[in-house]
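Thank you all for coming; I would like to take a few minutes to walk through one model, and I will ask you to keep the structure in view while I talk.

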Amino acid sequence: MNNNYNGTFFPGGPLYSGNIMTPDQSQAPSIDPFFEQSYIENILRANKGKKVTVFTSFPDSIEWKDRKFKGIIEESGRDHILLSDPTTGNWYMILMIYVDYIEFEERINYNKDFISTN
């Protein structure tokens with residue numbers, strides 16, 4: 001299949017390097033995000049809606065060397081956690097590289113297979 005028309009490349013078609021076809025991302029297999037290798041992420045997803053305190057360290061900051069954030073787990077991704085603080089109305093996106101540990105105010109949902117309960 002030729003994806004060029006007058007020198008214009010059309011996305012979704014195969015790319016060629018010499019005589020070898022390189023598949024594009026549209027042909028990549030889809031992966032269920034709840035079966036990712038990031039265990040912390042999946043534990044946080046299984047505990048969405050729970051109150052937590054996230055203890056963080058910002059080693060290069062003079063002002064915020066160590067800081068804690070209190071709130072409710074709203075979302076979690078591979079490299080971040082989203083918290084909302086119902087007392088202030090503030091929302092926080094905290095990068096996982098700064099998280100030291102997370103303290104839960106109630107029993108956590110934990111599945112050793114890390115399968116989402118959603």
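I will go from the sheet to the helix, then to the core, and finish with one leucine.

Before anything else, please bear in mind that this is a predicted model, and that what I describe was computed from it.

Let me begin with the sheet, which is open and has five strands in the order S8-S7-S6-S5-S9, with antiparallel pairing. At its edges sit strand S8, residues 91–95, and strand S9, residues 99–104, each of which pairs on one side only. From one strand to the next, the twist averages 45°. If you look at strand S5, residues 51–57, you will find that five bridges join it to S9 and that these two strands run antiparallel; as one example of the pairing, Thr53 has Glu103 as its bridge partner in S9.

On this sheet packs helix H1, residues 39–46, which touches strand S6 (66–76), strand S7 (80–84) and S9, and whose direction makes about 65° with that of S6. How many of the eight residues of H1 are buried? Six of the eight are, so that the helix is mostly covered, and the buried ones are Glu41, Asn42, Ile43, Leu44, Arg45 and Ala46. The elements that cover these buried residues include S6, S7 and S9.

That brings me to the largest nonpolar core, which has eleven residues in all, among them Leu44, Phe69, Ile73, Ile81, Leu83 and Val99. Two or more residues of this core come from each of S5, S6 and S7. As general background, nonpolar side chains in soluble globular proteins tend to be buried together.

Finally, let us turn to Leu95, which lies in strand S8. Is Leu95 buried or partly exposed? Leu95 is partly exposed, because its relative accessible area is 37%, whereas buried would require a value under 20% and exposed a value over 50%. Not counting residues up to four places away in sequence, Leu95 touches Asp79 and His80; His80 is 15 residues from Leu95 in sequence, yet their C-alpha atoms are 4.3 Å apart in space.

Definitions and conventions:
Residues numbered from 1 in each chain as written. Predicted model: local features only at pLDDT ≥ 70, side-chain atom pairs only at ≥ 80, totals over all residues. Heavy atoms only, no water. Pairing = 2+ DSSP bridges. Helix = DSSP H or I, 4+ residues; strand = E, 2+ residues; numbered from the N terminus. Axes fitted to C-alpha atoms, helices over the stretch in contact; angles between N-to-C directions. Contact = heavy atoms within 4.5 Å. Core = buried A, V, L, I, M, F, W, Y, C linked by side-chain atoms within 4.5 Å. Buried < 20%, exposed > 50% of the residue type's maximum accessible area, 1.4 Å probe, protein only.
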